[in-house]
Amino acid sequence: MKFIIQRDKLTESVQDVMKAVSSRTTIPILTGIKIVATEDGVTLTGSDSDISIESFIPAEEEDKEFVDIQQTGSVVLQARFFSEIVKKLPKDAVEIEVNNNHSTVIRSGKAEFNLNGLDAEEYPLLPQISEDNVFKIPTDLLKAMIRQTVFSVSTSETRPILTGVNWKLEDNELICIATDSHRLALRKAKIESGVEEAYNVVIPGKSLTELSKILDDTNDLIDITMTENQILFKAKNLLFFSRLLEGNYPDTTRLIPTESKTELIVNTKAFLEAIDRASLLAREARNNVVKLSTLTDRMIEISSDSPEIGKVIEEIQTDETTGEELKISFSAKYVMDALKALEGTEIRVTFTGAMRPFLIRTPENESILQLILPVRTY
């Protein structure tokens, strides 16, 4: 195998596939990046058997030449060293040549590296996914849906299913739900789907976080295909496979209260900043707890009290307060995460009592919802 490639293109692709490479894999060859050169271009693959990423660099595109293929072939190179080398090469053109026994020479300017490669035939094959049931979604919408839900997945392995985001697809609507049993994030969107059957799958939160980092902020459509145990995201020159989590995701619909006893409409930024300030003293105490009390005349009080350190009280004007008086305690972190995920200058918070979950939404948008369980403080 021998080719000359633009360093920037190579660096970008290496960084993408590195997101799937793990140093802690039980299969030694997966600590490497598979490189395949064909007449059409160069394909790089990284995998940790949960996530697999394939990035393609075309030989030419829109009359620009990126790769000059002199001899086709393949090799697997140690990911850690290869990625560091590529980043630090001196010149814009990089020549990669594989000789006998997979020994690989990487040249750029006056620098020359020799790496011991492995046989690409030994590298596990990527999952074969038939592309019958494909639905499409704009990349920027997909990234927003991930950002607005993935932070609520559980980080504890005691209930592995909760470390993923539940995706439900039916009647041309995609619903994404994440919960760690203390809070829940839900986001829905209408999409154009050619898919007849309904899907209900759970995608590891880690996979979605890595996918989001790789995708550009464009409104190009991305193709998504689901099977029993794999999901494939297909963007331009990029394939991203993730295994799905096994098991049934809990039914979260009954968690979401339908009635409310107290409702506030408040400026998002003012609310977020007041909670942030209150959490300065709450951080030291257990759970980072902040209290909210409704006062008369469209005012609420945000406070925090930590016996060893001191206390903080702040009043905020709301745009509207309706319903019963209320005192409630909650995790400052959870509410701040929820507020950062919402888009809009105002939020609507609905409570059904001091011990019941409460909802945070934007007044005019029903497609996104954050639910948080209060903290018992007595």
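Which residue in S10 does Val98 stand opposite? Hold that thought for a moment while I set things up.

What we have here is a predicted model, where local features need pLDDT of at least 70 and side-chain atom pairs count only at pLDDT 80 or more, while totals for chains, interfaces and linings use all residues. Residues are numbered from 1 along each chain as its sequence is written, and side-chain values use heavy atoms, with hydrogens and water left out.

Okay, the sheet. It's an open one of 5 strands, in the order S7-S1-S9-S10-S11, with antiparallel pairing. Strands here are DSSP runs of E with at least two residues, helices are runs of H or I with at least four, and both are numbered from the N terminus. Two strands pair if DSSP finds at least two bridges between them. At the edges sit S7 (67–71) and S11 (111–116), each pairing on one side only. From one strand to the next, the twist averages 15 degrees; angles are taken between N-to-C directions and run from 0 to 180 degrees, with axes as lines fitted to C-alpha atoms, for helices over the stretch in contact.

Back to my question. S9 (residues 93–98) and S10 (residues 103–108) run antiparallel and are joined by 4 bridges. Val98 stands opposite Thr104 in S10, and Glu97 has Val105 as its bridge partner there. The two strands make a hairpin with 4 residues between them, and Asn101 in that turn has a positive phi of about 55 degrees.

Moving along, S10 and S11 are antiparallel too, over 6 bridges. Arg107 is partnered by Glu112 in S11. This hairpin has 2 residues between the strands, and Gly109 takes a positive phi near 55 degrees.

Now a helix on that sheet: H2 (residues 79–88) lies across S9, S10 and S11, running at about 170 degrees to S11.

Last stop, a helix pair. The axes of H5 (residues 268–282) and H6 (residues 332–341) come within 10 Å and cross at roughly 155 degrees. So H5 is roughly antiparallel to H6; the label goes to angles over 145, with under 35 roughly parallel, 65 to 115 roughly perpendicular and the rest oblique. Who makes the contact, meaning heavy atoms within 4.5 Å? On H5 they include Phe271, Leu272 and Ile275, and on H6 they include Val335, Met336 and Leu339.

That's my tour, thanks!

Technical notes. Contact means heavy atoms within 4.5 Å.
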